[in-house]
Amino acid sequence: MENFEEFISRYLNPLTDFGFHKIFGNKDFLIDFLNEAIREEGLITDIQYLPPEQGGDLEMERKAIFDIFCVTEKGDYFIVEMQRAKQAFFRERSIYYASLPIQKQAPRGNWDFNLKAVYVIVIMDFVLFDECEGDREQVLEYVHLVRERTKTLYSNKLKFVLVELPKFKETEEELKTHFDKWLFILKNLSRLQDRPETVGGEIFEKLFQLAEIKRLTKKDMETYRKSILEYHDVRSAVDYAREEGIEEGREKEKIFVIQRCLQKNMPIEDIIYLTGFSKEQIICYIESGI
């Protein structure tokens, strides 16, 4: 695991923090992906990146750090997250994240509560939904506010798009849609040595050029080195937890991830960002002498 060369390929790993931000820090790629994810082609024509740290206007209030936070030209808000490991209360966390840009819209004084839409798009390197037989092959899950009796939409101002990458099994020969190509890239880019012929089009040609590791500066290469090792630390913790069993493994996963981060002298703020654990949880584990 310490030998970085074994992880090197021609292209970046989009599931690392560095790779994710390198790709989706590019407006063209983010707009293309978002339009595909929300199934409304051409809805977004421009975006403005916003500060990723939100909430906590008062000293005692909790803050959240999004991977990507942006607003469209129409004023709709998008939170785009890469989630590498399953967490307790993940669904509740996504709801809390969505509440922050909703609160952000409330001006002082009189207001008619006419909200702009808030989208939460989460790319997950794990399976979240396994409650029904139909869940096994459903890569994309759309969650809305719906009236229970009529099954009709209550409001279109809050939408969740959840992508479960492990469920995506298509090979490069089986790609049918533009979004299939996006999912294939997110899952397989770091394993490729050339761009597949089936992943064509100007947007993907540019993406493959941007993602070439040889184009990184020396400084970016060092950042990527750290990012990819952190990614594999998290994957190791997840695999270890799975081997130990679901219930017992959850606690061991938390402890193992924090241990690895502390061994690398990572600041608590970075551990919070990497794992999604609260500051209180991490301090509790440190004080318990893990």
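**Figure 1. Overview of the predicted protein chain.** Residues 24 or more positions apart account for 61% of the contacts in the protein chain with a separation of 6 or more, a contact being heavy atoms within 4.5 Å. The chain has nine helices and eight strands; these are DSSP runs numbered from the N terminus, with helices (H or I) of at least four residues and strands (E) of at least two. Of its 290 residues, 46% count as buried, where buried means under 20% relative accessible area with a 1.4 Å probe, protein chains only. The model is predicted, so local features need pLDDT of at least 70 and side-chain atom pairs count only at pLDDT 80 or more, while totals for chains, interfaces and linings use all residues. Residues are numbered from 1 along each chain as its sequence is written, and side-chain values use heavy atoms, with hydrogens and water left out.

Figure 2. Two cavities of 30 Å³ or more are present in the structure; a cavity is a set of points on a 1 Å grid over the protein atoms alone where a 1.4 Å probe fits but cannot get out, and lining residues have an atom within 4 Å of a point. Two or more lining residues come from each of β5 (77-83), α3 (90-104) and β6 (118-124), and α3 gives the most, with four. By class, the lining has four nonpolar, two polar and two charged residues (Ala, Val, Leu, Ile, Met, Phe, Trp, Tyr, Cys and Pro are nonpolar; Asp, Glu, Lys and Arg are charged; the others, Gly among them, are polar).

**Figure 3. Packing of helix α4 with helix α5.** Helix α4 (residues 178-188) and helix α5 (residues 202-210) pack at an angle of about 10 degrees, and their axes, lines fitted to C-alpha atoms over the stretch in contact, lie 12 Å apart. The two helices are therefore roughly parallel, a term for angles under 35 degrees. In the contact, His178, Lys181, Trp182 and Ile185 of α4 meet Ile203, Phe204, Leu207 and Phe208 of α5. This contact has six nonpolar, one polar and one charged residues.

Figure 4. Nine of the 11 residues of α4 are buried, so the helix is largely enclosed by the rest of the structure. Among these buried residues are Phe179, Trp182, Leu183 and Asn188.

Notes
On a 1 Å grid over the protein atoms alone, a cavity is a set of points where a 1.4 Å probe fits but cannot get out, and a pocket is an open set with protein on both sides within 12 Å along at least five of seven lines; lining residues have an atom within 4 Å of a point. Grid points are joined across faces, edges and corners, and a volume is the space filled by probe spheres set on the points. Axes are lines fitted to C-alpha atoms, for helices over the stretch in contact, and angles run from 0 to 180 degrees between N-to-C directions. Angles under 35 degrees count as roughly parallel, over 145 as roughly antiparallel, 65 to 115 as roughly perpendicular and the rest as oblique. Buried means under 20% relative accessible area, exposed over 50%, partly exposed in between (1.4 Å probe, protein chains only).
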